[in-house]
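Please look over the sequence and the structure before reading on.

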Amino acid sequence: MPRLTPYINAVGTAVPPNDVHDVFIDWARDKVEPRALKLFDRMAMRSGIRHRWSVLPATAFQALAEERGFYNGVFPGTAARMEVYAETAPELALEAIADLGERAELGGITHFVVASCTGFVAPGIDQIIARRLGLSPSVERLLVGFMGCYAAVAALRSARHIVRSDPQARVLVVTVELCTLHLQDTGDLESLLAQLQFGDGAAAALVTAEPRGFAIDQPFATTLPESHELIRWNITDQGFVMHLSGEVPNRIAQALSQRAVAEAATGGRAAAELDGWAVHAGGRSILDAVQNAFALAPDKLDASRAVLNDYGNMSSATLMFVLKKLLAGPPVEQGLALAFGPGLAAEGFGFRSAVERPVRRASAEPELTAA
């Protein structure tokens, strides 16, 4: 008996109002060691990023005459950063849900899945958002924490399992990340280039058994051997410290070039057969690595590169932004969603556009009623 197919019916997104990419670059140029300044400038120019958005105002990165910015003078401790997270992360998530509500009917939510790795608060962010949404206390909640950039896959995969076990389920999936709360006071080039990638964003999706949007097909997951040191996300007294090794793109390319890994990711299909690619926009070099490993035509990753250009890397929210772009485009016959994160892990799933059932038109003849 064929198993039920879950669908991502729609995706909504939101970013804060403050574009801080250029002001961050000016801020970082004052931090980087002079001998590395030319390299930093060249890498910033080649990043493929033009905008990144933050819950913090641009002045947070500037020392003012009368007031110190958030990242000038004494850098804030983790507690101060978590206060901002607790206040602003739910607000940004609610904006993404409101955007989703413009695309899908959100009544009757039965399950709520939230992914976030840039803050902690209890009661959890899932409870805060659920309360502000007015969701029933009976709604089942799941919080996916600290999985990093591939957490959107874990959240959507969990929604898939829920719908497959309960065909009446209506699962609201939210990813919200405030990456700019965790900048570090350092002159280290590798650290500054990693910080250069990240921005804030939130996304929301509705997953149901209704055949509309993208069908979620077979999931995929693997962890690259001897790679656990390449991406680290450590909690310190001065925020969460990201370590993103320059080796990551090459290791991803090497892994995807292996036949067994590539076939597992694509479900045994040749890359040339796939017409939809939703790849986590973790950075220009990561997208290049995926494109080269699968020998893709340059336009296959246009959606991912557009998200990178407009928003930067928003950790778990990024893949959802890419899926939203693809949902607005031509139908996808066979697609692959793919994301990477700490581990070094690669996770994803196949997807394809729904074949929507025709709407049954009401008969022009009057209905018969019982006497």
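Which element gives the largest share of the lining of the second largest pocket? That share, 4 residues, comes from β10.

## Basis of the model

The structure is a predicted model, in which local features need pLDDT of at least 70, side-chain atom pairs count only at pLDDT 80 or more, and totals for chains, interfaces and linings use all residues. Residues are numbered from 1 along each chain as its sequence is written, and side-chain values use heavy atoms, with hydrogens and water left out.

## The annotated domain

An unreviewed UniProt entry records "domain: Chalcone/stilbene synthase C-terminal" at residues 222-353; such annotations may be inferred rather than shown by experiment. Helices (H or I, at least four residues) and strands (E, at least two) are DSSP runs, numbered from the N terminus.

## The largest pocket

The largest pocket holds about 410 Å³ of space. It is lined by 18 residues, and Met 43, Leu 193, Gln 197, Gly 246 and Ser 285 are the closest to its centre. Two or more lining residues come from each of α6 (189-195), α7 (248-256) and α9 (284-293). A pocket here is an open set of points on a 1 Å grid where a 1.4 Å probe fits, with protein on both sides within 12 Å along at least five of seven lines; lining residues have an atom within 4 Å of a point. A volume is the space filled by probe spheres set on the points.

By class, this lining has 8 nonpolar, 7 polar and 3 charged residues, where Asp, Glu, Lys and Arg count as charged and Gly is among the polar ones. Domain 1 (7-208) and domain 2 (214-353) each contribute at least three residues to the lining of the largest pocket; the domain bounds come from an automatic or database domain assignment.

## The second largest pocket

The second largest pocket has a volume of about 320 Å³. Its lining numbers 28 residues, with Cys 149, Phe 198, Trp 233, Met 242 and Leu 244 nearest the centre. At least two lining residues come from each of α6, β9 (231-236), β10 (239-244), α7 and β12 (335-341).

This lining comprises 16 nonpolar and 12 polar residues, and no charged residues. The second largest pocket lies between domain 1 (7-208) and domain 2 (214-353), because both give residues to its lining.

## His 182

His 182 is found in the loop between β6 (171-178) and α6. With 4% relative accessibility, His 182 counts as buried (under 20% relative accessible area, with a 1.4 Å probe and protein chains only). Its side chain reaches the backbone oxygen of Thr 118 at 2.8 Å.

Key
Buried < 20%, exposed > 50% of the residue type's maximum accessible area, 1.4 Å probe, protein only. Polar contact = N/O pair within 3.5 Å; in protein donor to acceptor, adjacent residues only side chain to side chain.
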